[in-house]
Amino acid sequence: MRVIGIFSATKEDKTKVRPKRERLELIKDYGIKNDKFALKNLDQSVLIVPIDAYKITKESGIELEYGSLGENILVDFNIMDLVIGTRLKIGNSAVVEITQKCTMCNHLAFFDKKVPRLVVDTRGVYCKIVEDGAIFAKDSISIKD
C-alpha cells in the first residue's frame, strides 16, 4: 500500500483542485501545516482517496486532475474496505485514524454534475492525526495494530 500523491490548499489558493505538494506535515491536534482547513474539524483533518475514485470518473468519460476530489492523500488501494477506527502508519512516523467515510459532496458537481453520484461510494475516508510526521508521495502505508 502506497501514497500516490499528496495535496493541500492554503488560504491563498483559489483553485478548485487542491495543489500537489512535495511534503505534508501532519500535526496532532492541529491538522496539516499551512492547510486552510487546519484546526477546523480535527476528526476530518486528512482526506484519503483511493485511485479507484478517479478510475470510476474516467470510465464515465470525465477526466479529473488528481487533487480534484479534495484529497490530501491519494492511495493505490481501496481504503473503503477499512473500518472506522483503523490506524494507518504513513511514511516513517505519521499515524492517522479513520474517523468516517466521506459523504457525497455536491461541490464536486463543479467538474461535472455526475461526479458526486459517481464517487459517492468510493470518494474516501476522513482521518484524525494520532502521531505527528512528514509524509511524501511514494511513502508506504501500513495498518498499525
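Q: Okay, what should I know before we start?
A: This is a predicted model: local features need pLDDT of at least 70, side-chain atom pairs count only at pLDDT 80 or more, and totals for chains, interfaces and linings use all residues. Residues are numbered from 1 along each chain as its sequence is written, and side-chain values use heavy atoms, with hydrogens and water left out.

Q: In what order do the seven strands of the open sheet come?

A: The order is 1-5-4-8-7-6-10, and the pairing is mixed. Strands are DSSP runs of E with at least two residues, and helices are runs of H or I with at least four, both numbered from the N terminus. Two strands pair if DSSP finds at least two bridges between them.

Q: Which are the edge strands?
A: Strand 1 and strand 10 (141–144). Each pairs on one side only.

Q: By how many degrees are neighbouring strands turned against each other on average?
A: By 35 degrees, direction ignored. Axes here are lines fitted to C-alpha atoms, for helices over the stretch in contact, and angles run from 0 to 180 degrees between N-to-C directions.

Q: How many bridges join strand 6 to strand 10?
A: Four, and the two strands run antiparallel.

Q: Which strands does helix 1 lie across?
A: Helix 1 (residues 51–59) lies across strand 1, strand 4 (46–50) and strand 5 (73–75). Helix 1 runs at about 55 degrees to strand 4.

Q: How many bridges pair strand 2 and strand 9?
A: Three, in the antiparallel sense. In strand 9, A134 is the bridge partner of E25.

Q: New topic. How many salt bridges does the count come to?
A: Three. A salt bridge here is a side-chain nitrogen of Lys or Arg within 4 Å of a carboxyl oxygen of Asp or Glu. Side chains of opposite charge can pair when their charged atoms come close.

Q: Which residue forms a salt bridge with E25?
A: R23 does, with the closest N and O atoms 2.6 Å apart. R23 is partly exposed at 46% relative accessibility, and E25 is partly exposed at 23%. The cut-offs are under 20% relative accessible area for buried, over 50% for exposed, and partly exposed in between (1.4 Å probe, protein chains only).

Q: What does R87 meet in a salt bridge?
A: The side chain of E97, at 2.8 Å from N to O. R87 lies in strand 6 (residues 87–90) and E97 in strand 7 (residues 94–101), so the pair ties together parts that are ten residues apart in sequence. R87 is partly exposed at 33%, whereas E97 is buried at 15%.

Q: And what is the salt-bridge partner of R21?
A: D13, with the closest N and O atoms 2.9 Å apart. R21 counts as partly exposed at 26% relative accessibility, and D13 counts as partly exposed at 22%.

Q: Last one. Where is T10?
A: In the loop between strand 1 (3–6) and strand 2 (24–27).

Q: Is T10 buried or exposed?
A: T10 counts as buried, because its relative accessibility is 17%. Leaving aside neighbours within four places in sequence, T10 is in contact (heavy atoms within 4.5 Å) with R21, N34 and K36.
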